[in-house]
Every structure is written in structure tokens, then in C-alpha cells.
Amino acid sequence: MKRLLSTGLLFVAIAFSAQASEPEVIEEAKVETLEWLALTDTGKYESSWDSASALFKAAVSKEDWEKSVGAVRTPIGALETREMATSKFSTTLPGAPDGEYVVFQFDSSFEHKASALETVTAMKDIDGAWRVAGYFIR
């Protein structure tokens, strides 16, 4: 019994040590999020849809994404600054299946909009890669 218990504890310790820490997970998601934002910033809306998560693609068609993001981003002009304000890891989000998510908020300024708040949700997709699942700008 003692041997079984110590073997079980060893397995649990190994399992926990193999998992990335929350700051590491946030950093992984941030890298992918910033790459995705760069596509959106340069008007490559089709490419941003292509590189988004399966959940994102199920929620909006490529054509609708291109129209809606273009209608929002074109009038505000080019990105001038973007500073990460917050990042939060979660395994649950309203209206989304349980999974691994990081919600980022960026304080941003654009050519024709001095102050904007961008909220970008990244998720660990079905293949294990971090991809954008949501984008909102106010």
C-alpha cells in the first residue's frame, strides 16, 4: 500500500511539473495574439481569419469577418501604439466551451482614434496551438 501511494504521488508530481506555469502559458498565447494582430493591423483580414481558431471560424464566415473588421478598422486608420493593459488566464468563458483561454486587453491608439480598448481572446485550439478566438475594439 505504501509503495502504491508513493508511486501515485510521484506520478502526480511528474504530471504537475510537466505543465507550463500560468505566466508561460500567457506568454505563449501573447506571441500568437500579437502575430494575429499584426495581420489585422496591416489589412490582411483574410489571413487573420485563416489563422484564427476553429471556434472563431465557426462563429463568423471569412467574408463576414473581412467586411466587419474592415468596416471598423479602416475608418480609424493605422495603428500608432498598443500597450498590453491586462492578461488573464481562464478555463471558462461565458458562451464558450471549457478550455484554455487568455483574455488580453490592450490600450491602443490609431491614426483617427486617439484612445481605444482592444480585447483579444486567445484559446488553445483543438490541435494544441494558441489561436485568436475573439476580437473586440471600443
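**Exercise 1.** In this predicted model, are Arg73 and Glu118 buried or exposed?

*Solution.* Begin with the contact itself: the side chains of Arg73 and Glu118 form a salt bridge, with an N to O distance of 3.9 Å. Finally, turn to accessibility: both Arg73 and Glu118 are buried.

**Exercise 2.** Classify each partner of the salt bridge between Asp41 and Arg82 by its relative accessible area.

*Solution.* The side chains of Asp41 and Arg82 meet at 2.7 Å, N to O. This pair, too, connects distant parts of the chain, since Asp41 lies in helix H2 (residues 22–41) and Arg82 in strand E1 (residues 79–90), 41 residues apart. Arg82 has a relative accessible area of 17%, which is under 20%, and therefore counts as buried. Asp41, at 24%, falls between the cut-offs of 20% and 50%, so this residue is partly exposed.

**Exercise 3.** Carry out the classification for Asp127 and Arg131.

*Solution.* These two side chains form a salt bridge of 2.8 Å, N to O. Asp127 is exposed because its relative accessibility of 51% is over 50%, whereas Arg131, with 23%, is partly exposed.

**Exercise 4.** Which residues are linked in a network of salt bridges?

*Solution.* Consider the search of the whole structure, which finds eight salt bridges. Asp41, Arg73, Arg82 and Glu118 are linked in a network of such contacts, and among its members are the buried residues Arg73 and Glu118.

Note on methods
Residues numbered from 1 in each chain as written. Predicted model: local features only at pLDDT ≥ 70, side-chain atom pairs only at ≥ 80, totals over all residues. Heavy atoms only, no water. Salt bridge = Lys/Arg side-chain N within 4 Å of Asp/Glu carboxyl O. Helix = DSSP H or I, 4+ residues; strand = E, 2+ residues; numbered from the N terminus. Buried < 20%, exposed > 50% of the residue type's maximum accessible area, 1.4 Å probe, protein only.
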